[in-house]
Amino acid sequence: EQLEQLQLEQVRLQQDATQARRLQALLGFKEQFIDQTVAAQVIGSSGSEQSRTVYLDKGSDAGIKQGMPVISAHGIVGKVILIQPTVSQVLLISDQTSGVGTILEQSRLQGVLKGKASGELVLDKVMSEEDVKTGERVLTSGGDQIFPKGLPVGTIGDVKRGGEFLEVHVKPAAALNHLEEVLVITKKQEREPETPP
């Protein structure tokens, strides 16, 4: 349990708390914190253009439910989509049907992370006039109501200009192709956002 806590501390980022609260109050997101997790081993994966999923060795018997977020010690991984008593299936953030609410650490630009058929990650619908810098860290915004806010998503890779939107590639923080152990967030603490003075 102590090891799990340490892993979570590693995942928790030091952020400007007032700015984070102000943003949260502004958007009316409930503040969410990781309260309980279940550690699970990845026992298989299916990576095709149609779907990108992994299977875990824990299921409803361990308290895992559909829609729960899954993270690794390095960053977010996906969400639980199918459950059996001792096995669950996780839709990876690199799947085309996945969508994660994100915010850039420095510029505070918000976006939605999507997977492409190739398995690459991109930020969707970022207007071409935005200044997006390679190497900037991408965090969860909490806006998708699945992942708690402030978890590592990845870093900005290539940024291609042309047309109304930028094509922004993201390198995931978690090694999505080489996952071994993950944490399923089984309980999030929620509280109403405080409006800072």
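1. Which strands make up the closed barrel, and in what order do they run? The barrel has 6 strands, in the order S6-S7-S8-S11-S10-S9, and the pairing is antiparallel. Strands here are DSSP runs (E, at least two residues), numbered from the N terminus, and two of them pair if DSSP finds at least two bridges between them. From one strand to the next the twist averages 40°, with axes fitted to C-alpha atoms and angles between N-to-C directions running from 0 to 180 degrees.

2. A word on the basis: this is a predicted model, where local features need pLDDT of at least 70 and side-chain atom pairs count only at pLDDT 80 or more, while totals for chains, interfaces and linings use all residues. Residues are numbered from 1 along each chain as its sequence is written, and side-chain values use heavy atoms, with hydrogens and water left out.

3. Val138 has Gly154 in S10 as its bridge partner.

4. Strand S1 (31–47) gives the most to its lining, 4 residues, and S2 (52–56) and S11 (165–172) each supply at least two. Of the 18 lining residues, Arg52, Leu92, Ser94, Leu176 and Asn177 lie nearest the centre. Lining residues have an atom within 4 Å of a point of the pocket, which is an open set on a 1 Å grid (1.4 Å probe) with protein on both sides within 12 Å along at least five of seven lines.
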